[in-house]
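Hello,

Here is the structure I said I would pass on. My notes follow below it.

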Amino acid sequence: MTETTKTHVILLACGSFNPITKGHIQMFERARDYLHKTGRFIVIGGIVSPVHDSYGKQGLVSSRHRLIMCQLAVQNSDWIRVDPWECYQDTWQTTCSVLEHHRDLMKRVTGCILSNVNTPSMTPVIGQPQHDTPQPIYQNSNVPAKPTAAKILGKVGESLSRICCVRPPVERFTFVDENANLGTVMRYEEIELRILLLCGSDLLESFCIPGLWNEADMEVIVGDFGIVVVPRDAADTDRIMNHSSILRKYKNNIMVVKDDINHPMSVVSSTKSRLALQHGDGHVVDYLSQPVIDYILKSQLYINASG
């Protein structure tokens, strides 16, 4: 498949990120690598969306702190960014609502027609004036010329950085190269763009708990959008999916990351990282990046067992 016939993907992860761990970032990287290896997808961006403060989870620190920690965790990434929309709403938002928000936002800022998993769009997603000689988007001499997908990512990122809702009162790290030339010199091909929910097998398993999820929301999340699952600790995802009629129904929309990495996904656990902080355990560096640790210590977060 050529680049223009592959499905272009934005990975969206929702969660408390209390705090965000190295494992959370690894999930993005593993999912992207796996999707690229299938030959069917090009991942052009990743979005971290921390949950609203009113979610009510015990020990959940303020979204102001969680947004800053997330930004610090992705500051060296050129494709993952943090979005504050969910945190800055009046109340808690469902995962379904967050997905729909980002789908609608992408339509507005890029002119995209985003297709669902089950109903691929027959309409060009992005159309720009075509030029005989494509010119590089990146003007920074330290940044190599990027393929079409990166140009689209830059356009999306620039637009989002302009219209995104209220910013937290800190520097906002973004995957957009501020020196990028985002003018009419760009050459966009016609692409298909989808937003996929990125999650661990624990969230997949939660779909099987009666009454926990609204079934209509599950239909939209799995049926319309689709999900990418990074299994935790050799979880049996086939067994999990067989326990839910909706997961069975849309099994083809669930992509389970299969790779050779034997890294224990327990490093994803925010709970274990908080315990390590409370106990002064040096292994906290296995869970959290140093900038996040420094911020936690400076802000005196997670000192008590309750938070």
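Serine 269 caps the N-terminal end of H9, with a side-chain oxygen 3.4 Å from the backbone nitrogen of threonine 271. This is a predicted model: local features need pLDDT of at least 70 and side-chain atom pairs pLDDT 80 or more, while totals for chains, interfaces and linings use all residues. Residues are numbered from 1 along each chain as its sequence is written, and side-chain values use heavy atoms, leaving out hydrogens and water.

Helix H9 covers residues 270–278 (helices are DSSP runs of H or I, at least four residues, and strands are runs of E, at least two, numbered from the N terminus). Its residues Ser270, Ser273, Arg274, Ala276 and Leu277 are buried (under 20% relative accessible area, 1.4 Å probe, protein chains only). They lie on the same side of H9, because they cover an arc of only 160° around the axis, taken from the directions from the helix axis to the C-beta atoms. The buried residues of H9 pack against helices H1 (22–38), H10 (284–287) and H11 (290–299). After H9 comes glycine 280, with a positive phi near 65°.

Overall, the protein has eleven helices and six strands, and 52% of its 307 residues count as buried.

Regards

Methods
Buried means under 20% relative accessible area, exposed over 50%, partly exposed in between (1.4 Å probe, protein chains only). Contact means heavy atoms within 4.5 Å. A polar contact is a pair of N or O atoms within 3.5 Å; within protein, one must be able to donate a hydrogen and the other to accept it, and residues adjacent in sequence count only if both atoms are side-chain atoms.
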